Amino acid sequence: MKWLHALGLPARMLAILAVVMLVDIGANAVLFERANEFALEAEEADSLADDLVVAARLLNDTPSPRRELVARELSRPGLRLVWKPQGGERPLAALDLGKMQQQLITYQPQLNQYRLQLHLAPLHARHEVDGSMMLADASLVTFHSEARDIFVLRASYLLRIILPTLLLVPLAWFLVYASLRPLRRLVRASRHVGTPHARPIEMDGPAEVRELIGAFNAMQRRIDDLLDANTQTMLAIGHDMRTPLARMQLRLDGVPMDGEERDALDGDLSEMRDLLASLQDFVALDEPGPAKEPVDLAAMAQTLVDGAQDRGYPAEYEGPDRLIVKARAVSLRRAMSNLIENALHYGGNVMVRVEIEKASVTLAVEDDGPGIPEEHLGKVLQPFIRLDSARARNTAGMGLGLPIVVRVLRSEGAELILSNKPEGGLRALIRLPQPPM
């Protein structure tokens, strides 16, 4: 199959089109050949041949002004005759019925002098078989006949003409599907760009696709190297900064100074340690975590709400008493805790709602604070982004709280949706795309 890899994507599409056309042409050639084998029962063919000969004779002997009336009078149930004056064009036969035509001429050889022609009627016509005869003055007699067995013949004809198409559609779909399989793998892999240690895609498919896959793999390697370097750098900085901070704390404890000034310096050192801890937590999320396990989401949410109440905050929980989902307990608790702490810090209160939907579980964390301007709802999910309003309140932190939540939820296959409540306040919605266990 090496020759197949040498074909480019356009060449493959053309090859698929050529295969489909060849099969279609071959099937229709067989169909048209078999159409000439259509025939009537002997009694019915004899009756139709007699009616046509009688009609041709009478119309040939009838003056032109009366032929149209005579043709209508000669019509009967199952056979309708129409006379057309000289110069009229004979209907085009989409599919000639050679054997049936010869069958009628055999019963009535005189039909040959009237240049009998038969063909299948169009799909929209009421009758099953069309035909025409030419009189001595070159005027035409067209007829539409209904035969007892023609419906079966017609159904078989339709089945045969549709069957090749019905077979070719899945054939073409399969060939195109197989040709685009490497592209689908590339699309699936693109959803994981930037994730740690993503696996390279196997080189397969047309030359253009293999070239694209090669470029994608190289890009993924560069991203992996960059992420690894950044992670190691941030972890090293966090680790190395702990030692001088510890020394500063020891020296501060041994220096006599005013109590208020000491408290301020202690607060600054504590904030620096918290910043380093949050930074290490953020970069540590790139490391593989434990396997998912059953977790009681409702109990976890109630525990966090109870903890906020114990600290004197107005906090409420609304939802079921027990709700088991499959997740990483530590990561999910960290995400929920960050959202609850944000709500308490910026809104002064928190309402946690857990709801069960048809194929997912949602957890909403709401507060009655000022909310976030609509144009900044997407920005606050990015690392190291803090709004001016947060800075104005001298809020501690590096702007990593919500980004940590986003990364934690992404590892759980969940999503975070931020929105402002109409009555005021922020609503953070966690959607776990899994039914409860």
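This is a predicted model: local features need pLDDT of at least 70, side-chain atom pairs count only at pLDDT 80 or more; totals for chains, interfaces and linings use all residues.

Trainee: In which sense do S8 and strand S9 pair, and over how many bridges?

Mentor: One reads the direction of the two strands and counts the bridges between them. S8 (residues 350-356) and S9 (residues 361-366) pair in the antiparallel sense over six bridges. They form a hairpin, with four residues between the two strands. On the pairing with strand S6 (residues 315-318), S8 is joined in the parallel sense over four bridges.

Trainee: Which residue of S8 is the bridge partner of glutamate 318?

Mentor: The partner is arginine 353. Arginine 353 in turn has alanine 364 as its bridge partner in S9.

Trainee: How should I read a salt bridge, and what does arginine 353 form one with?

Mentor: Side chains of opposite charge can pair when their charged atoms come close. Here arginine 353 forms a salt bridge with glutamate 366, the closest N and O atoms being 2.5 Å apart. Glutamate 366 lies in strand S9 and arginine 353 in strand S8, so this pair ties together parts that are 13 residues apart in sequence.

Trainee: Are glutamate 366 and arginine 353 buried or partly exposed?

Mentor: Relative accessibility decides, with buried meaning under 20%. Glutamate 366 counts as buried because its value is 9%, whereas arginine 353, at 23%, is partly exposed.

Trainee: How many salt bridges does a search of the whole structure find?

Mentor: The search finds 11. One of the salt bridges joins the side chains of arginine 67 and aspartate 137, at 2.5 Å, N to O. Arginine 67 sits in helix H4 (residues 64-74) and aspartate 137 in the loop between strands S3 and S4, 70 residues apart. Arginine 67 is buried at 5%, while aspartate 137 is partly exposed at 27%.

Trainee: Finally, what is alanine 335 in contact with, beyond its neighbours within four places in sequence?

Mentor: For such a residue one looks past the sequence neighbours. Alanine 335, in helix H11 (residues 329-347), is in contact with Val405, Val408 and Leu409. Its relative accessible area is 1%, so alanine 335 is buried.

Notes: Residues are numbered from 1 along each chain as its sequence is written. Side-chain values use heavy atoms; hydrogens and water are left out. Two strands pair if DSSP finds at least two bridges between them. Buried means under 20% relative accessible area, exposed over 50%, partly exposed in between (1.4 Å probe, protein chains only). Contact means heavy atoms within 4.5 Å. A salt bridge is a side-chain nitrogen of Lys or Arg within 4 Å of a carboxyl oxygen of Asp or Glu.
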